[in-house]
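Visitor: I'd like a short tour of this structure, from strands to pockets. Could you take my questions one at a time?

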Amino acid sequence: MIKPIEQMFVHRQDHFLIPAEMVANVQEDNNLDHAFLVLTKVKYATIPVLDKKQHFKGLLSLPMLTETMLGMNGIDPTRLGRKKVAEVMQTDVTTIKLPYDIEEILHLLVDQPFLVVVSDEGLFTGIVTRREIMKAVNFVAHDFDKYYAITAKEDLKLQN
């Protein structure tokens, strides 16, 4: 990434993190029926899973819960009360730490709506969302010329 653009992203990085206390989550020992209620109420498709000491353990999504409810004779919501979050959560989750590597975040958010931020001890710190990064992209796209003089090197014709 060219330095001027990276510097503009760094200038906005204080806005990237949505702190842990603002992010809906469930604990790994919660029953899935509780997790279903949380996911339904917050209207998110995926939320972080934590242990009792606030360490990040994985992610839980609505499709994971739906899959659990599916039985041979149709949908059985009572199955949610018999399983714990830890039994169905996704554990192979890429996490990031402070200080941010802007280029890594940009690459990872291509395929994910948010990234989990953890401390060196694995404590859940919060999330960085694609939405917040897109706000920074918008800032760079609209304000670059306010911070840097732009001069074309040559008459460049971009090809598809």
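Visitor: How many bridges join E3 to E4, and do they run parallel or antiparallel?
Guide: Happy to start there, with the note that this is a predicted model. E3 and E4 belong to an open sheet of three strands with mixed pairing. One of the pairs here is Pro48 with Leu59 in E4. The strands E3 and E4 run antiparallel, and the bridges that join them number five.

Visitor: Which residue in the hairpin of E3 and E4 takes a positive phi?
Guide: The hairpin has five residues between the strands. The positive phi, near 75°, belongs to Gln54.

Visitor: Which residue in E3 is the bridge partner of Val26?
Guide: Strand E3 covers residues 46-50 and runs parallel to E2, with two bridges between them. Gln27 stands opposite Leu50. For Val26, the bridge partner in E3 is Val49.

Visitor: Which strands stand at the edges of the sheet?
Guide: The order is E2-E3-E4. An edge strand has a single partner, so one side of it is left without a neighbour in the sheet.

Visitor: How many residues of E3 are buried?
Guide: Buried here means under 20% relative accessible area. Strand E3 is largely enclosed by the rest of the structure, because its buried residues number four of the five.

Visitor: Which element gives the most residues to the largest nonpolar core?
Guide: That core has 17 residues, and Phe9, Phe16 and Ile133 are among those that touch the most other members. The elements that give two or more residues are helix H1 (3-12), helix H5 (102-108), strand E8 (114-118) and helix H6 (130-147). With five residues, the one that gives the most is H6.

Visitor: How many residues are in the other core that lies apart from it?
Guide: Its members include Leu32, Val49, Leu60 and Met64. Val49 is also the residue that pairs with Val26. The size of this other core is 16 residues.

Visitor: Which strand supplies the largest share of the lining of the largest pocket?
Guide: The largest pocket holds about 240 Å³ of space. Of its 13 lining residues, those closest to the centre are Tyr44, Thr46, Phe114, Ile127 and Thr129. At least two lining residues come from each of E3 and strand E9 (124-129). The largest share, three residues, comes from E3.

Visitor: How many of the residues of that lining are charged?
Guide: Eleven residues of the lining are nonpolar and two are polar. The number of charged residues there is none.

Note on methods:
Residues are numbered from 1 along each chain as its sequence is written. This is a predicted model: local features need pLDDT of at least 70, side-chain atom pairs count only at pLDDT 80 or more; totals for chains, interfaces and linings use all residues. Side-chain values use heavy atoms; hydrogens and water are left out. Two strands pair if DSSP finds at least two bridges between them. A nonpolar core is a set of buried Ala, Val, Leu, Ile, Met, Phe, Trp, Tyr and Cys residues joined through side-chain atoms within 4.5 Å. Buried means under 20% relative accessible area, exposed over 50%, partly exposed in between (1.4 Å probe, protein chains only). On a 1 Å grid over the protein atoms alone, a cavity is a set of points where a 1.4 Å probe fits but cannot get out, and a pocket is an open set with protein on both sides within 12 Å along at least five of seven lines; lining residues have an atom within 4 Å of a point. Grid points are joined across faces, edges and corners, and a volume is the space filled by probe spheres set on the points. Ala, Val, Leu, Ile, Met, Phe, Trp, Tyr, Cys and Pro count as nonpolar, Asp, Glu, Lys and Arg as charged, and the others, Gly among them, as polar.
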